[in-house]
Amino acid sequence: MRQTISKVADVRQLIESGRKLLLAGDEDALRQLPQGDWIGGTIPYFISSDKGGMSSRELICATDITDIVTSIEIVTYDETSLARVYAEGPKHGFSFIIIPAASKTHLSFALNAPNYKDFGIRPLIGWVAGVHLSDLGKKTPKIINGRTGDVREEGAMVLQAQLPEGKVAEIGILNLFEQGDGDILTFTSDDFAAKDVMVNGEKRNFAAYIVKNKLDTKLPLVADYYGAMVNISFQDVDEVEGQVKFYAPVFSGIRYKHAKPVSDYVKEFNSRLNKECSIESSRVAFSCNCILNYLYSELEGKKTDPFTGPVTYGEIAYQLLNQTLVYLEIMDV
């Protein structure tokens, strides 16, 4: 694992020594850094190797990829040009992306990424930038191009990394949630919000359905994509307006179910690691976890070894995900 939670002075030293970095931190901390080979996004929540889950406005999460790449390029996209992100990715390497939460680009990527040219052909991993929860409505999430010092609250920052011969990038997803035994839920449009839902084929108001059936909205909707579980997290249930909002879009034609409960996140996390993964920490170049996992599973002070890194407003493993942990491994071939 090459991710550390460091003081601004230590990260500044890394930049000035020519290291290639992926950074996450509070806006004020990131703005203190010099120009160099890095991209960054705002978020003050982390999982550290020694203290576990934590928040800090002074510290920065630094992922040092210098020793695993041969070269990097930094590209800034807007909501339209982002459609090229897969096609322009390195043929032998990976792309790392950061998008500000609630930006036009965030919404466009969430809805359209699976339809972009060459979707899924080359590895794309990253996360959605956010702010301290007490700053919601006061500050906006930002992304930063370290080479130019450009700070934006719209668009996407992408670091394209070339790998040496004999190495490949693999993206992993750790999702604790599985479909429950309840109703089959489908929607008639692709959107971040829904008023109506088809419950086992019968049209119902979704907000009223949630209230009547006392669904725990800390648990996401889960879709089964040919064996891969994809979560859609609840943002708000407005019974008066009869509308439900999500942190990622639901898609028409997809069959969703409400997730099974997870009683002990850390216990289930470790169990899932043992069952599904054979992870060597030395191979993990980057990982990030969801802010909803952090909050709902009370991860403050808890470790999730071998995974550390930023706690984000959304995870990107080819497309936008919710309530997951995603990670990048660099493998020998």
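Let's start with L133, which counts as partly exposed because its relative accessibility is 31%. Here buried means under 20% relative accessible area, exposed means over 50%, and partly exposed is in between, with a 1.4 Å probe and protein chains only. This is a predicted model, where local features need pLDDT of at least 70 and side-chain atom pairs count only at pLDDT 80 or more, while totals for chains, interfaces and linings use all residues. Residues are numbered from 1 along each chain as its sequence is written, and side-chain values use heavy atoms, with hydrogens and water left out.

Back to L133, then. You'll find L133 in the loop between β9 (124-129) and β10 (143-145). Helices (H or I, at least four residues) and strands (E, at least two) are DSSP runs, numbered from the N terminus. Together with L136, L295 and Y296, L133 makes a nonpolar surface patch of about 320 Å². Patch members have over 30% relative accessible area and no salt bridge; like charges are joined within 9 Å, and nonpolar side chains (Val, Leu, Ile, Met, Phe, Trp, Tyr) within 5 Å. The areas come from the Shrake-Rupley method with a 1.4 Å probe, and for residues only the protein chains shown count as cover.

Now for the sheet. Six strands form an open sheet with mixed pairing, and the order is β5-β4-β24-β23-β27-β13. From one strand to the next, the twist averages 25°; axes are lines fitted to C-alpha atoms, for helices over the stretch in contact, and angles run from 0 to 180 degrees between N-to-C directions. At the β5 end, β4 (residues 45-48) pairs with β5 in the antiparallel sense over four bridges. Two strands pair if DSSP finds at least two bridges between them. Within this pairing, F46 has M54 in β5 as its bridge partner.

On to the charged pairs. A salt bridge is a side-chain nitrogen of Lys or Arg within 4 Å of a carboxyl oxygen of Asp or Glu, and the count by this rule comes to 15.

Have a look at R147, which is partly exposed at 33% relative accessible area. R147 forms a salt bridge with D37, with the closest N and O atoms 2.8 Å apart. That pair links distant parts of the chain, 110 residues apart: R147 is in the loop between β10 and β11 (150-152), and D37 is in the loop between α2 (27-30) and β3 (38-42).

R147 also forms a salt bridge with E73, the closest N and O atoms being 3.9 Å apart. E73 lies in strand β7 (residues 71-77), so this pair ties together parts that are 74 residues apart in sequence. E73 is partly exposed too, with a relative accessible area of 46%.

Which residue meets D332 in a salt bridge? The partner is K167, at 2.4 Å, N to O. This pair also links distant parts of the chain, with D332 in strand β27 (residues 325-332) and K167 in strand β13, 165 residues apart. D332 counts as exposed at 58% relative accessibility, whereas K167 is partly exposed at 28%. Elsewhere, salt bridges that share partners join D26, R57, D135 and K139 into one network.
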